[in-house]
Amino acid sequence: MVDATMLPEVTAAGVIIKAILILAVIAGLAGFGTYIERKILAFMQRRLGPMHVGPHGVLQLAADGIKLFTKEDIIPQHANKIIFAIAPIITAATAFIALAAVPVFPDFTIPFIDVYVPSIASDINVGILFVLGMMAAGLYGPLLAGMAQSNKWGIIGSARTAIQFLSYEVVTGLSILAPIMMVGSLSFVDFNNYQADGALWLVVYQPVAFVLFLIAGFAETNRTPFDLLEHEAEIISGYVTEYSGMRWGLFFIGEYANMITIGIIASVVFLGGYNDFWFIPGWIMIIGKIAFSFFFMLWVRASWPHVRPDQLMWLCWKVLMPLAVINILITGLVMMIV
Amino acid sequence: MYEVIAFYVFAISTTILFLITAFSKNVLYAMTALASGMVMISGFFFLLGADFLGVVQLIVYVGAVMALYAFGMMFFDATKDIKEKHQNPTLVFILGGLMALVFVIMFSAPIIGENVQAIHPVIEGVGNAQAVGMVLFTKYLVAFEVAAVMLLVAMIAGIILAGKKMDYSLTTNDDTYDHEDEILKGAGK
Amino acid sequence: MGLEQFKNRNVGTQNYKVLDLEMPPITAMEKFKQVVSRTFKPELFAGLGVTLREMINALFRGKMHTTQYPFEKLPISPRYRAIHEMLRLLESGHYRCIGCGLCEKICISNCISMDTRYDENQRKEVTEYTINFGRCIFCGYCAEVCPELAIVHGGRYETASEQRASFSLFEDMLTPIDKLNLQQEYQGFGAISSNADENIKKTPLAY
């Protein structure tokens, strides 16, 4: 990863293998994430969680999958049928398209057919912006789903999607701008190399940006402090009220894939990326970091209450955005002086 | 080869999507087609190798159309078609036709007159973001700054216009009333 | 948890704590100070700490709360009123019921029906005894009125049934003869209290 000239050429076959790998592994992980989430939330409330399907319930995913596939797929009578049908696909598809520009696994060469599989499916040099843009486009899924289903809870859910999007998107962009200024690039590989060879992690230089990015990331993935779109106690299920079966499942695969993506961005941009750490090899480090950030999201969900929509807007526009701007100003000043 | 196929795919889908935007009577269809058309346009930038502009197109228009959706949600019932009133169809036809003609002339004039030549050719070894930055902060610096000031003025004006009665509670008609106070006072009794 | 705690009905004297809430900030400076102090106070992290502590408690210190119900059951109070049991005399093994018919008489939902006759020793013998559990409301009057402590409420609370009217015969509720040594003297509803001797008073002659 350090010297680009040493790497074998990236072929179309390698990229296709990579794409299939990402789809298979992340879709599986996203499904497995539901099991992990239920298990961890249960432990934090001193419950056991799913226990009966397989040892300690690990095959719960299979049971849920069978249930979702065989469930009747209902489209409400007055719903806008086309939009209703494509909305879940938008969420799932954008989540996986975003993963195209993210380094997911280390690169390797398949031994016998001699095909080099790269670490990033498509190494465009504006990776971070592309991922954030794609994840932002993913919010069209909830928005369209809520508006198409002619259900008042759905339309409240999609209204909340719109305000959530308009609130956090500014903070995400501004918070990640400061590390971008320090590294001077938008490519994930450059971020990784900036923190290579024993250099300090960027979170040491940019603690404020890290916290802001985490908060915005929670809003981006609709996780608990900001799970306004589908909060059961207030709006039944928000945008997924009328969904059932596999369409409903697609929303959740998308949501969990987004959680993994946010984990990868946080790890690569702020937490040292896939560099070796002392004696621990890089691939274990990156998996550990992603796993921890996934666990952190579940941990927060178990611990904290969620906020009202007006509180989210207040927080994003009146607190986080000024903080992010001040952070950028200070970063710029320090970079100019030093 | 791939690029040609991709170009035609993007071109056809963009055209179809914008046609839907113009002709659909359903708000939801129109706006969804608009948003996806914008995403398709960003595909052209990626094809041309202008990754940065492509991503900016994506982010900016995703956000902008999202705001449009918010308005659509407030004003229309998304599941029903809208009945449009045509008061003067002849005028609309003439104006629309004239505008289309002007656009065709505008865009085809340089091609007919002279092949387009780049004044600032692509600099080798410089990324997209740097190239955009160089142009923006040298040749178009004044325009950039003026636009920035204009946006700032517009933002302040918007806040002032929208925030005139921000601390006026509609539920109690009391200026000094604050819901948080009520909760705290109620609990403190 | 003993039964005494359930019997404490003195609502007003329990230990409620009144929180000392400050007045909300009024000036801009005070509001700013409040925001700053709330931001940097580790309150949010205290919340995270609580859940993590509970997770460690559950996983490593054996404080998991879940009872996997059909496989394991919690002990229930001896006063719990579930499916009836018919007890036997501990010495002879004969059933205790003397066929007095009080339970049938007092049953407010009319679910007990019994038939008796005199046997060869001129003792009352129960020939038929059923309880309709579709009607029984488990009020416990039968156990309370029984002079011999023969019908009591047991601990079998899983009463789901395929029919609305599910009867139970005398033999079903009677303690099996080979499990007589496991039969315990009933302490629950209708039993004589431990301080019954102190409460006995002579009947006044005026009655």
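Biologist: How many residues does the contact take from chain A, and how many from chain B?

Modeller: Chain A puts in 26 residues and chain B puts in 21. Two residues are in contact if their C-beta atoms, placed from the backbone, lie within 7 Å. Bear in mind that this is a predicted model: local features need pLDDT of at least 70, side-chain atom pairs count only at pLDDT 80 or more, and totals for chains, interfaces and linings use all residues. As for labels, residues are numbered from 1 along each chain as its sequence is written, while chains are lettered from A and ligands numbered from 1 in the order in which they are written.

Biologist: Which elements give two or more residues to the side of chain A that touches chain B?

Modeller: Those are α4 (127-138), α5 (140-148) and α6 (152-183) of chain A. The largest share, 7 residues, comes from α6(A). Helices (H or I, at least four residues) and strands (E, at least two) are DSSP runs, numbered from the N terminus.

Biologist: And how does that side split by class?

Modeller: On the side of chain A that touches chain B there are 19 nonpolar, 6 polar and 1 charged residues. Ala, Val, Leu, Ile, Met, Phe, Trp, Tyr, Cys and Pro count as nonpolar, Asp, Glu, Lys and Arg as charged, and the others, Gly among them, as polar.

Biologist: OK, cores. Which residues touch the most other members in the largest nonpolar core?

Modeller: That core has 117 residues, and the ones touching the most other members are A:V131, A:L144, A:A148, A:A257, A:I260, B:V62 and B:V65. Helix α11 (residues 245-269) of chain A gives the largest share, 13 residues. A nonpolar core here is a set of buried Ala, Val, Leu, Ile, Met, Phe, Trp, Tyr and Cys residues joined through C-beta atoms within 7 Å.

Biologist: What is A:V131 in contact with, leaving aside its neighbours within four places in sequence?

Modeller: A:A98, A:A101, A:V102, A:T261 and A:I265. A:I265 sits in helix α11 of chain A, and although 134 residues separate A:I265 from A:V131 in sequence, they are 8.8 Å apart in space, C-alpha to C-alpha.

Biologist: Is A:I265 buried or exposed?

Modeller: A:I265 is buried, because 27 other C-beta atoms lie within 10 Å. The cut-offs: 20 or more other C-beta atoms within 10 Å of its own makes a residue buried, 12 or fewer makes it exposed, and in between it is partly exposed, with C-beta atoms placed from the backbone.

Biologist: Switching to chain B. How many helices and strands?

Modeller: Chain B has 7 helices and 0 strands. Of its 189 residues, 16% count as buried. Among contacts in chain B with a separation of 6 or more, 48% join residues 24 or more positions apart.

Biologist: Where is confidence lowest in chain B?

Modeller: In helix α7 (residues 179-188) of chain B, at a mean of 50, whereas helix α1 (residues 2-23) of chain B is highest at 88. The mean pLDDT of chain B is 77, with 77% of its residues at 70 or more; pLDDT is the predictor's confidence in each residue, from 0 to 100. For the model, ipTM is 0.75 and pTM is 0.75.

Biologist: Where does B:A64 lie?

Modeller: In helix α3 (residues 51-75) of chain B. B:A64 counts as partly exposed because it has 13 C-beta neighbours inside 10 Å.

Biologist: Now chain C. What does the domain assignment give?

Modeller: Domain 1 (25-65) and domain 2 (84-191) of chain C, with bounds from an automatic or database domain assignment. Their centres, taken over C-alpha atoms, are 57 Å apart. Chain C averages a pLDDT of 81, and 90% of the residues score at least 70.

Biologist: How many residues of α2(C) are buried?

Modeller: The count is 0 among its 13 residues. Helix α2 (residues 28-40) of chain C reaches 18 Å from its first C-alpha to its last, close to the 18 Å expected at 1.5 Å a residue; the expected span is 1.5 Å times one less than the number of residues.

Biologist: Last one: what's the phi of A:R46?

Modeller: Positive, about 60°, although A:R46 is not a glycine. Most residues other than glycine have a negative phi. A:R46 lies in the loop between α1 (12-44) and α2 (60-70) of chain A. A:S150, in the loop between α5 and α6 of chain A, has a positive phi of about 45° and is not a glycine either.
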